[in-house]
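Reader: I would like to learn how to read contacts between charged side chains. Could you take me through them one at a time?

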Amino acid sequence: MTSETSGSGSLPTPTTTAERIVLVDHVLGLPFPQGDEAEDSGVRSSGPGHHLLILRASEDFWDGREEETTEPAEEEIEAEFSAVATALTERWGEPGTVDLWPWLAGDDETEMGSAAPEPLGQLCNLAGSMQVWHVPGTTRWLGLTVGQADPEFPIWLLAAVGENEVLEAGGLRDGGAGDGGAGDGDGGTGDG
């Protein structure tokens, strides 16, 4: 997934908190596709039972990971995480925290006993935990996290939409009250 915009029909890359909330609302209402799909823009990927969005991305770090480069990027993404999380909490109440690490494994099966269902399979490779709101009047949840594929890649503010049964199947529905942060103890970037 990338964060650039391109061809017609793709979702625009949001540039403000309000635009990010509008994008989340739009995707919450979309049906889940029968097969895997990705927007040309790279802002959204979807599949059976899930959508995954990049709400904001830092620059990449191929030219180096010096603290004067990474720290401002981390702070900007974390600030936007807080702004979006605050808006969602005002709407739906306090989120729960879902630990994504138990779904991470080097092969197709995790300590949870089976391959991670999507979008957890993608998210557990990018972040340690996510804040989750159960969307009232639906069978869907919305997750928010900060993640990074590898140290050279951009830091992403990610939103995920999935079916409640995915969290329930993993015993993750009641992950505990959230604290409004990325929740993995290292700024949400997974690189400690």
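Reader: Is Arg 56 buried, exposed or partly exposed?

Author: This is a predicted model. Arg 56 has a relative accessible area of 26%. Buried means under 20% and exposed over 50%, so Arg 56 is partly exposed.

Reader: What does the side chain of Arg 56 meet in a salt bridge?

Author: Side chains of opposite charge can pair when their charged atoms come close. Here Arg 56 meets Glu 76, at 3.1 Å from N to O. Glu 76 is partly exposed, at 44% relative accessibility.

Reader: Which parts does that pair tie together?

Author: Strand E3 (residues 50-57) holds Arg 56 and helix H2 holds Glu 76, so the pair ties together parts that are 20 residues apart in sequence.

Reader: How many salt bridges does the structure hold?

Author: Three. One of them joins Glu 80 to Arg 20, with the closest N and O atoms 3.1 Å apart. Glu 80 is in helix H2 (residues 67-92) and Arg 20 in helix H1 (residues 17-28), so this pair links distant parts of the chain, 60 residues apart.

Reader: Are Glu 80 and Arg 20 buried or exposed?

Author: Glu 80 is buried, at 9% relative accessibility. Arg 20 is also buried, at 3%.

Reader: Which residue forms a salt bridge with Arg 91?

Author: Asp 25 does, and the closest N and O atoms are 2.5 Å apart. Arg 91 lies in helix H2 and Asp 25 in helix H1, so parts 66 residues apart in sequence are tied together. Arg 91 is partly exposed at 39%, and Asp 25 is partly exposed at 33%.

Definitions and conventions:
Residues numbered from 1 in each chain as written. Predicted model: local features only at pLDDT ≥ 70, side-chain atom pairs only at ≥ 80, totals over all residues. Heavy atoms only, no water. Salt bridge = Lys/Arg side-chain N within 4 Å of Asp/Glu carboxyl O. Helix = DSSP H or I, 4+ residues; strand = E, 2+ residues; numbered from the N terminus. Buried < 20%, exposed > 50% of the residue type's maximum accessible area, 1.4 Å probe, protein only.
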